[in-house]
Amino acid sequence: LQDREWHHERSYSPERARRPDTVALWHRISTVEDPDWTRRYHAPDPRERAFGGRMVVTLDDGSVIVDELAVADAHPAGARPFGRTQYVEKFRRLADGVIAAREQERFLACAEALPDLAAGELRGLTLRAEPGVLSVALPGGIFDR
């Protein structure tokens with residue numbers, strides 16, 4: 001809300017979490033489970049399944065804005081489903097600074113060839129992070145959380 005964007009790292013930074021205006025906003029937000037949304041989340045029928053929610057915003061002047069979204073726009077059932085190009089762009093954005101460009105290209109080539117890969121070639125779908133990245137991001141390892 002404050003930054004007018006969501007970023008997979010910056011939005012969760014410790015600095016962000018200590019900002020007084022952010023903390024004040026958090027204290028003005030409440031989350032309430034809606035049994036119908038929970039049911040839809042667990043629905044066995046993929047046409048009914050939903051991963052979204054409903055938002056009610058009450059402004060300082062008392063006016064109310066209500067909106068809901070069942071699935072993200074990029075979801076296959078969303079308003080603007082991602083195609084391969086958008087998934088590759090998202091992969092590159094998330095891998096930037098973590099996975100070397102050459103390693104990204106190698107992985108993408110392997111993923112593109114997936115229908116023709118032999119069983120022994122599936123190891124090509126494993127990515128290697130840049131040296132030192134994981135020790136900074138996960139100092140105690142993935143199970144030390």
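Visitor: Where is the place of Leu125?
Guide: Leu125 lies in the loop between α5 and α6 (133-137). Bear in mind that this is a predicted model.

Visitor: Why does Leu125 count as partly exposed?
Guide: Its relative accessibility is 30%. Buried means under 20% and exposed means over 50%. Leu125, at 30%, is in between, and therefore counts as partly exposed.

Visitor: What separates the C-alpha atoms of Leu125 and Ala79?
Guide: A distance of 30 Å separates them, and the two residues are 46 residues apart along the chain.

Visitor: How many aromatic pairs does the structure hold?
Guide: There are four aromatic pairs. One of them is formed by Phe82 and Tyr87.

Visitor: What makes the pair of Phe82 and Tyr87 edge-to-face?
Guide: The ring centres are 5.0 Å apart, and the limit for a pair is 6.5 Å. The planes stand at 80 degrees to each other. Planes over 60 degrees apart count as edge-to-face, so the 80 degrees of this pair gives that label.

Visitor: Why is the pair of Phe91 and Phe107 called stacked?
Guide: The centres of Phe91 and Phe107 are 5.1 Å apart, with 25 degrees between the planes. Under 30 degrees counts as stacked, so the pair is named stacked. Phe91 belongs to helix α4 (residues 84-95) and Phe107 to helix α5 (residues 101-112); the pair links distant parts of the chain, 16 residues apart.

Visitor: How do you know that Phe91 and Phe107 count as buried?
Guide: Relative accessibility is 17% for Phe91 and 15% for Phe107. Both values are under 20%, so both residues count as buried.

Visitor: What makes the charged end of Arg40 sit over the ring of Trp37?
Guide: The charged end of Arg40 is 4.6 Å from the centre of that ring. The distance limit is 6 Å, and the charge must also be within 35 degrees of the ring normal. The Arg40 and Trp37 contact is listed as a charge over a ring.

Visitor: How do you know that β1 and β2 pair?
Guide: Six bridges join β1 to β2, and at least two are needed for a pair. The strands run antiparallel, and Thr58 stands opposite Val64 in β2. β1 and β2 form a hairpin with five residues between them, and in the turn Gly62 has a positive phi of about 95 degrees.

Visitor: Which element gives the largest share of the lining of the largest pocket?
Guide: β1 does, with six residues. The space in this pocket is about 1,200 Å³. Of its 28 lining residues, Ile29, Ser30, Arg54, Met55 and Val56 are the closest to the centre. The lining has 15 nonpolar, six polar and seven charged residues.

Visitor: What volume does the second largest pocket have, and which helix gives the most to its lining?
Guide: Its volume is about 310 Å³. Helix α2 (residues 20-26) gives the most, with three residues. The lining includes Trp6, Tyr12, Arg16 and Trp26. By class, six residues are nonpolar, three polar and three charged.

Notes
Residues are numbered from 1 along each chain as its sequence is written. This is a predicted model: local features need pLDDT of at least 70, side-chain atom pairs count only at pLDDT 80 or more; totals for chains, interfaces and linings use all residues. Side-chain values use heavy atoms; hydrogens and water are left out. On a 1 Å grid over the protein atoms alone, a cavity is a set of points where a 1.4 Å probe fits but cannot get out, and a pocket is an open set with protein on both sides within 12 Å along at least five of seven lines; lining residues have an atom within 4 Å of a point. Grid points are joined across faces, edges and corners, and a volume is the space filled by probe spheres set on the points. Helices (H or I, at least four residues) and strands (E, at least two) are DSSP runs, numbered from the N terminus. Ala, Val, Leu, Ile, Met, Phe, Trp, Tyr, Cys and Pro count as nonpolar, Asp, Glu, Lys and Arg as charged, and the others, Gly among them, as polar. Rings of Phe, Tyr and Trp (its six-membered ring) pair if their centres lie within 6.5 Å; planes under 30 degrees apart count as stacked, over 60 as edge-to-face and the rest as tilted. Buried means under 20% relative accessible area, exposed over 50%, partly exposed in between (1.4 Å probe, protein chains only).
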